[in-house]
Amino acid sequence: MARTPTGKEVVEISEIEKADISQTPSPPSSPIASQLLTEIDPEAERRLVKKLDWILLPLFTAIYCCNFIDRTSIGNAKVAGLENDLGMHGVDLNVALTVFYIFYVIADIPSNLILKRFGSAWLAFLVIGFGVISLASAFLHNYAGLLASRIFLGLTEGGTLSGLVYIISRYYRKEELVLRVGIFFGVGPSIAGAFGGLLASGLLKLPDMGHVHTWRKIFLVEGLITTIFGLVLLFIVPEDPSKSRLLSVQERKLAMARIDAGQIVKTQGLKEKTTAKLVLRSFNLITFSCTLCFVLLNMSFQGLSLFLPSVIRSQGTYSTVEVQLRTVPPYVASAVWVVINAWVSARLKKRFLPILYNIVLVIIGYAISVSTKHPQTRYAACFLMIMGGSVGGPMLVTWGTDNAAPDTMRAVVTAAIPGIGAFGAVMAVWTYAPSDAPDYRKGNLANLSACSAIFVIVSLTALYIAWENRKRARGGRDHRLEGLSEKETMRLGYRHPRFRYQI
């Protein structure tokens, strides 16, 4: 790309890049792809980005807050007597949590491919689905019902995060993505963790509503809020930028030209046909590294998020409401910390550095938890673990998304990293087993080891990316273009010799 004397960015489109890429065409009502701007006015672009930030970030943060609250409310319900009321014993709760995450993993990639094919309305249906299931959980009477509810909750929640990342990646340039994903993905769980604890403590103080009492009030109110929000989303959830009703025709053209400007192979906003070859090619070394790290980090962060109320209770003689309130401060601190780190990553144009120094914080936190039984010291360690862990998740997903192309691979990668990464949450429900209470030494040692492994994997991945980029700069991958047709060249994506990995 180049700039005109007036400062406008020119999107240079070769004959190959203008070629039809053999895919399902955009809907007839959205002719934007064939009318892309060839010049990008910096001032108009700044106005568009500001508008997108004010619309997408609050909306996506709210969606992920609902997702996270409904997923983890079972932890607050446990403290409020869920196990006793449903006749649960021993590891019954761990089994229920494991069932949820198994179906969460199963749903993730298929859900994102459905989203790519049918559009953003699918996201609204997912939100309505897990809202209704959460609401219905208020009327459970036995353990079998809990297991059934966790199966359907996993299927509906599985595609939410990956869908949000995929949609937002269609609106922002690669260098802009990390800050935006950091805000809704990093701040969302932090706000949800704080708000969930406050809401749970407030609901437990309310009078009983017939048969709806104690933990049932948590599921009822939180599920009702999510369901209503999901219904509203049917009318306001943003579509693909080529046909978004939130943007004017000129803004749509600019939005698509912006994304095209940052791509090695220009697609003019069109999506290639989904094929098994592209899906399988998505699982390259970088995707594998980010996914493995997400698994290990999820083992730490999700386990601690889920069982933090129980951990706090084991450290003192607190009432149920006091336990809920003490879960709030670590999440508030992490909300601020994750935005700072997303900004730092965007400024440095590096993803691996914030991951590394934040993993060090988590390692220190677990080392403190293992080495002492002092209640206040262990509670302080929770701040380090949650703050450091909240940065790693969005940073890993962004790192993988930055290095995924074309569009099918981006849809798969944005689903694979958090989706397969949910296996870490399955591991987490067993690292904090009831038999390990009240110190949870085994769980903390397991997470200390997992985070140490993340440090090593991220370091090696960064070294590989630096080596691969140097090789491409020397022309070491140019042979990939030999004998390829125009269509085959356009499907190369991240394997194109001119593509440079984000480190």
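A polar contact here is a pair of N or O atoms within 3.5 Å, where within protein one must be able to donate a hydrogen and the other to accept it.

The model we are looking at is predicted. First, the overall picture. The protein has 503 residues, and 58% of them count as buried. Its secondary structure comes to 19 helices and 3 strands. If you take contacts between residues at least 6 apart in sequence, 82% of them join residues at least 24 apart.

Now two residues. Take asparagine 447, in helix H18, which runs over residues 441–473. Is asparagine 447 buried or exposed? Asparagine 447 counts as buried because its relative accessibility is 0%, and the cut-off for buried is under 20%. Leaving aside residues up to four places away in sequence, asparagine 447 touches Met299, Ser300, Tyr366, Thr431 and Tyr432. With one of these, tyrosine 366, there is a polar contact between the two side chains, at 3.3 Å.

The other residue is lysine 277, which sits in helix H10, residues 276–281. Lysine 277 has a relative accessible area of 59%, so it counts as exposed; the cut-off for that is over 50%. How far apart in space are lysine 277 and methionine 409? From C-alpha to C-alpha the distance is 9.9 Å, while in sequence lysine 277 and methionine 409 are 132 residues apart.

Key: Residues are numbered from 1 along each chain as its sequence is written. This is a predicted model: local features need pLDDT of at least 70, side-chain atom pairs count only at pLDDT 80 or more; totals for chains, interfaces and linings use all residues. Side-chain values use heavy atoms; hydrogens and water are left out. Helices (H or I, at least four residues) and strands (E, at least two) are DSSP runs, numbered from the N terminus. Buried means under 20% relative accessible area, exposed over 50%, partly exposed in between (1.4 Å probe, protein chains only). Contact means heavy atoms within 4.5 Å.
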